[in-house]
Amino acid sequence: MTHQILLLLPCLVCLYWMVALFLQRKTNNRAQNIFIIGAGVMAISTFIWSVFFTGIHDYSLFYKLELIEAISTLLLLAILYYFFQTMTNERPLRGRDYLWLLPTLIIGTSMILLYLLMGDQQATIYVREITENKGTLVTLTDPVSRMQQFIGVRIYMPLVFLQIIYVLVYASVRLVQYRKRLNEFFSNPEGRSLRNAKAVLVGVYFVLLLSLCSYKGRFHYNDSELFTDILMILWAILAYYMGYNVYNLTYTADNLVNDLAAFDNRRLLKGHPQTKEGSIIVNTKDLIEVKKKQQELLDRFNLWLDKEKLFLRPDLRITDVALQMNTNRTYLSRMINEECGCSFSDFINYKRIEYAQEKALSNPYISQEQLAESSGFLYSSSFSRTFKQQTGITFREWQKQISKKM
C-alpha cells in the first residue's frame, strides 16, 4: 500500500499546486497562471510514470499512455518557455511565441493519426517490437510503421533534447537580463522575488534531468520497489519545491513596469514632462557639454546621497532619487553606468559598505546582522556577499585585520 502511495505522490503534489494557484488565479501574475497549466501537465506525466513503474505488460495500454506522455512532454517544454518569458518580460505573448506549440500539434497529431491507421492490433505489435528491439523495427516493414518509427524515434527525442537545451539557456539568459534591469532601478533587488525565480529555474534543471532518468529506466525500475520509491520521492520533492517558489513569486516584469509607470505619474503631478524610457534629456549636441552636465549631476547626486544618507533606506529606488533631483530615471541610470561603470544597485551598495566600515570602526563589537540592517541591507547574507565583492575579503576577515592594526 505504501509503495502505491509513493508512486502517486508526485502526481498528488502537482495537483495540489495546480489547485492552490487556481484558487488565487484572480490575484496571480501571468507567470503563475501559466504554471497552473504546467502543474496539470506535470500531474499527467507523473501519473503515467507511476503506471509504467508498476510494471505494465499490456502493450495496447502502453502505447496509448506513451502517446499521451510524449504530447505532455512537448507541451510542458512550451509552457516552461512561456513561464519564463512572461515572468521576465512585460510584453504580451506574440504570434511567434505560439510557434512553440507547433511541435506538440504536429508530432502529436501525426502520431495519433498513424496509430489510428495501424489499428489497435498492429499498433500493439509495433510498440512491442520497438520496445523489445530498442527503437528498431524487425518484422514490420509497412510504410505506416516506418513513418511512426521515424517520427517517434528519429524526430521526437532529438527535438525534445533541443527544446530542453533552448529552454534552459533562454531561461538563464532572461533571468540575468531581468536581474540587470532590477539593478538599474532598485538598491535591493533581492526583495523582488529573484530568489524564487532562480529556485524555479534550478527546479526545472533537476526535473528535466530526473525525467531523462525516468525515461531511460521505465522498463527496468519496476524490478526494485525501493528504487522506484526513492525516484518518486525525489519527483515529489522537486514538484513541491517548484510549486512553492512559483506560488511565492510576487514580483515579475509586470510589477516593474507598474512601478515605473507610477513614477511617471508622480513626475506629471509635480509638473515635469513625461519622457520615454531610453531617452536622454539634454539640450545640446556637444559631447563636452553633455559630459559636463553628467558630471554636475553626479556631483549633486553624491552630495545629496551623503547628506541625506538615503542609501540607508532598504527600499531605495532610482525613481525616488530621480524625482527628488528633478531628472529622468533613465538618464540618471545611464549617467551612473557611464560615469561610475556600475549599476544603480552596485553604486548604492558601495555607499552602504563604505558606511558599514566606518560604523564598524567606531563600534567594533557590533554584530554583522545589526550592521547589515543599519547599513540598508535587507539580509545579512546580502551584506556579506556584497562586502566580499567590494573588498575581496569577508567581513570577519576584515574585522580581524582591523583589530590587529589597532
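Author: Begin with the largest cavity: helix H6 gives the largest share of its lining, five residues. This is a predicted model, so local features need pLDDT of at least 70 and side-chain atom pairs count only at pLDDT 80 or more, while totals for chains, interfaces and linings use all residues. Residues are numbered from 1 along each chain as its sequence is written, and side-chain values use heavy atoms, with hydrogens and water left out.

Reader: What counts as a cavity, and what is its lining?

Author: Take a 1 Å grid over the protein atoms alone; a cavity is a set of points where a 1.4 Å probe fits but cannot get out. Lining residues have an atom within 4 Å of a point. Grid points are joined across faces, edges and corners, and the volume is the space filled by probe spheres set on the points. Here, four cavities reach 30 Å³ or more. The largest holds about 240 Å³ of space. Its lining has 18 residues, and the closest to its centre are Trp-49, Glu-69, Thr-73, Val-160 and Ser-211.

Reader: Which elements give two or more residues to the lining of the largest cavity?

Author: Helices H2 (30–53), H3 (59–88), H5 (143–185) and H6 (194–216). A helix here is a DSSP run of H or I, at least four residues, numbered from the N terminus; a strand is a run of E, at least two. The protein has 15 helices and zero strands.

Reader: How does the lining of the largest cavity divide by class?

Author: First the classes. Ala, Val, Leu, Ile, Met, Phe, Trp, Tyr, Cys and Pro count as nonpolar; Asp, Glu, Lys and Arg count as charged; the others, Gly among them, are polar. The largest cavity has 13 nonpolar, four polar and one charged residues in its lining.

Reader: And what lines the second largest cavity?

Author: Met-42, Leu-76, Leu-80, Val-204, Val-207, Leu-208 and Met-242. H3 and H6 each give two or more residues, with the largest share, three residues, from H6. The space is about 40 Å³.

Reader: How do I judge the length of a helix?

Author: Compare its span with the expected one, 1.5 Å times one less than its number of residues. H2 has 24 residues and reaches 35 Å from first C-alpha to last, close to the expected 34 Å. The 30 residues of H3 should span 44 Å, and its end C-alpha atoms are 43 Å apart, which agrees.

Reader: Why is H2 called largely enclosed by the rest of the structure?

Author: Look at burial. Buried means under 20% relative accessible area, exposed over 50%, and partly exposed in between (1.4 Å probe, protein chains only). In H2, 19 of the 24 residues are buried, so the helix is largely enclosed by the rest of the structure. H3 is largely enclosed too, because 24 of its 30 residues are buried. Across the protein, buried residues make up 49% of the 406.

Reader: Which residue caps the N-terminal end of H2?

Author: Asn-29 does: a side-chain oxygen lies 3.2 Å from the backbone nitrogen of Ala-31. Asn-29 is also 8.9 Å from Asn-255, C-alpha to C-alpha, though they are 226 residues apart in sequence. Asn-255 lies in helix H8 (residues 253–269) and counts as partly exposed, at 25% relative accessibility.

Reader: Is Ser-333 buried or exposed?

Author: Buried, at 6% relative accessibility. Ser-333 sits in helix H11 (residues 329–340). Its side chain makes a polar contact with the side chain of Glu-184, at 2.5 Å. A polar contact is a pair of N or O atoms within 3.5 Å; within protein, one must be able to donate a hydrogen and the other to accept it, and residues adjacent in sequence count only if both atoms are side-chain atoms.

Reader: What about Lys-351, buried or exposed?

Author: Buried, at 8% relative accessibility. Lys-351 is in helix H12 (residues 344–362). Beyond neighbours within four places in sequence, Lys-351 is in contact with Asn-302, Asp-306 and Phe-311.

Conventions. 1 Å grid on protein atoms, 1.4 Å probe; cavity = no way out; pocket = protein on both sides within 12 Å on 5 of 7 lines; lining within 4 Å. Contact = heavy atoms within 4.5 Å.
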